[in-house]
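Me: I have a structure here that I'd like to go through with you. Could we take it a few questions at a time?

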Amino acid sequence: MMYDPRGRRVAVLLGLVLPFLVVGPAAGQVRLQDLVFTGGVSVESYEGNLSAVTVPVIDSTDRASAAAGEFGAHGELRLLESSGTPWDRYLSVEFDAGFRQFAAAGFELRDYAPREWVGRLDLSWWQRLGGVGLVTAAGTFRGRTVADRTPMPLFLQPGYATARGALVFQTYEIEGVSLEMSIDAESMDYQSVSLLSQLDLLDRRSKGFEVGALANRESWRMRFYGGARSTEYHRQDSFDPEDPFRRDRTLHMGALWVLNLAAVEAELGVEGTLNRSNSQRPEYDAVSGRAAVHAPLPFWDLGLHLYTVLTGKTYVHDSPFVRLVPGEEADNASVAYIALDRPIVRNLGATVRFGWARAETDVGNSYYSRFGTSFLLNYRPS
Amino acid sequence: MSVRTRDHRRRACATVRSPSFRGLRWLVPVVLGLLGAGPLDAQETSSLAQIQARHESAVRNYDAAVTAAEAQRLLLDEELVRVNLARERRDDDALTQAHRRFQAESKELRRLEDTTRDAESALRQARQALLDGLDQARLALEAQLVATTDQRTTLLIYDRLQGVTSQYQELESESLVPPAAATALFSSGSIVFDDRDGRDELLAKAEILERRAQDADSLIAELDRRIERLQSRQRLERNRNDFLGGVERFGDTQLPAIATRPESVREEGVPADSTEIEGSLPLETQIEELRDLQDWLREQRVFDLGLAAEFRERLMQIIE
């Protein structure tokens, strides 16, 4: 059984910090907004025949299944909110936490019962700058921990803790177009456990910038953007004695179109990525497209949600050995989710969700795929 | 930044315009678009332009009527002050004159409010006619889009189709009565009973209160419609956020090829203007404020009707 003490500490920390924020000294001004509790069950099946170096054991099965129960909570604390002036400000803390327990079956070695704890904290501050534009500072802290992690093909992300900071500046519209610039830095620390120190290979620090132009119309908006990113994997070997640790440089550019009507939201996006490194192994070019639709249906008070991401990725150099860490650096990955929701009683809604995911390595055509069906209840106390 | 935070930022940058500006602003591209080398035929274009002109005129009339009624309410308020002053000074001549002026201004206010109601009704009709006209134009453009084979014409038609569609949606979502009208309605101050009130005064006061209660009813109904629209939007956003939050919570969508880069600002909103600030309130706050306004209107309405009943009771006592 795996145990991630650092991840547990993150979850405990979030649990301790949040109540303090809720009843803190500024309680007279702080507003708890959109608190929602989620509970649900899922049935999932997994297929695949690859092994993963970040998973402690290898099982010969190609097929596994699992039932899962989950609980989650989400809310936002508005710490500061002003409107009515060219110097409006807004400060909020958003939190999200969840627990998921699996009962997995179909493995040759034994049945597993993996358990996940996750937590996320988003701090966001934005401020208008007179007649110039809007500046946003944001910080995100995220942690997860997994106990009794299963062999493939039931892939669960390993435990990690990550922190990210970003600064964004957006101008007001000039001829109907707004310009934006952002910089950010991120640190990601995977939680290795005894007998699985290779998870540390994924630890990374990265920083990047992005520029974009946004055209906004009454019912739609279009954004073009591009940027660069520098990522250092200080525990990975580059196989170059003069520059021993892996350093990646990534360029990306893309476009996103969003339709935003009174009752319907839809988006289409495409993004291209060029990743170059001082290690030949991870150099790749990738293109991903995504689409999402959120709309009410004309019967039974149902709402429809659709979300898909399709990715294609090719490597620049052939490599005679397995170059990927499955689940963390898959060759190409695609996900599709479709959900129907409807209110049941006041403050309580139900969702039926179908999900599919497929991630494939480029070695031996090995892959894993997941199909799941979930029934979820969302309760809002107010 | 999360989806919810991005929503708020987007809303913070929303464009807010006055009702009359709304009425003029969308007219420009429609007329320019449809009067140009238009895919619509000349008769349809001319007809739509006429409907738009009528709607524009109705918007102007409505704005003028609302402004005049608000000014008259302020005037009536001043007359009420004069009545009270004369009463306090026990100056019967001045009181009689002030009463006469108050009644005359009350009649004028009644007339202006009738005019406002008529203008509102005319505006509703003009708006519906324009909605129908835009819908017809959309159907015609769609038919032409199917029929044409020329690529350039197709692009032209498509461009205008988008314009017509977005104008239809904007027009459909507009509301006639701004929340400010609710407070303006009761800006004429309190109407109180006085021992020296005669039949005319009692009747006039009762009628003012009853009419105000009727206006409050209309505003409450309008606020209901506004709240319903906001709730519909809120529900969509909440469901969307629940859905995305649910699939992202446990990292199931974070397959590496699509997460080599941290979440960017790709979905941020567009700052439109530093002075456009009204729309910055979150949906929850907007709904809450409208509900508060409704509650306040209901209280005022109940109070006015109760007071009007008292005035009528006194009136009956005098008559008997």
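Me: Happy to start with chain A: in which loop is Trp300(A) found?
Reply: First, this is a predicted model, where local features need pLDDT of at least 70, side-chain atom pairs count only at pLDDT 80 or more, and totals for chains, interfaces and linings use all residues. Residues are numbered from 1 along each chain as its sequence is written, while chains are lettered from A and ligands numbered from 1 in the order in which they are written. Helices (H or I, at least four residues) and strands (E, at least two) are DSSP runs, numbered from the N terminus. On that numbering, Trp300(A) sits in the loop of chain A between β12 (284-296) and β13 (303-315).

Me: Is Trp300(A) buried or exposed?
Reply: A residue is buried if 20 or more other C-beta atoms lie within 10 Å of its own, exposed if 12 or fewer, and partly exposed in between, with C-beta atoms placed from the backbone. Trp300(A) has 7 other C-beta atoms within 10 Å, so it is exposed.

Me: Now to chain B: how many helices does its secondary structure have?
Reply: From the N terminus on, the elements run α-α-α-α-α-α-α-α-α. There are zero strands, and the helices come to nine.

Me: How far apart are the end C-alpha atoms of helix α9 of chain B?
Reply: The expected span of a helix is 1.5 Å times one less than its number of residues. Helix α9 (residues 283-319) has 37 residues, so it should span 54 Å. The model agrees with that, as the end C-alpha atoms are 53 Å apart.

Me: How do α8(B) and α9(B) run relative to each other?
Reply: Axes are lines fitted to C-alpha atoms, for helices over the stretch in contact, and angles run from 0 to 180 degrees between N-to-C directions. The axes of α8(B) and α9(B) are 8 Å apart, at an angle of about 160°. Angles under 35 degrees count as roughly parallel, over 145 as roughly antiparallel, 65 to 115 as roughly perpendicular and the rest as oblique. The two helices α8(B) and α9(B) are therefore roughly antiparallel.

Me: Which residues is Ala206(B) in contact with, leaving aside its neighbours within four places in sequence?
Reply: Ala206(B) lies in helix α8 (residues 199-249) of chain B and is buried, with 22 other C-beta atoms within 10 Å. Two residues are in contact if their C-beta atoms, placed from the backbone, lie within 7 Å. By that rule, the partners of Ala206(B) are Ala308(B), Phe311(B), Arg312(B) and Leu315(B).

Me: And how do α5(B) and α8(B) run relative to each other?
Reply: Helix α5 covers residues 92-147 of chain B, and its axis comes within 11 Å of that of α8(B). The axes cross at roughly 30°. So α5(B) and α8(B) are roughly parallel.
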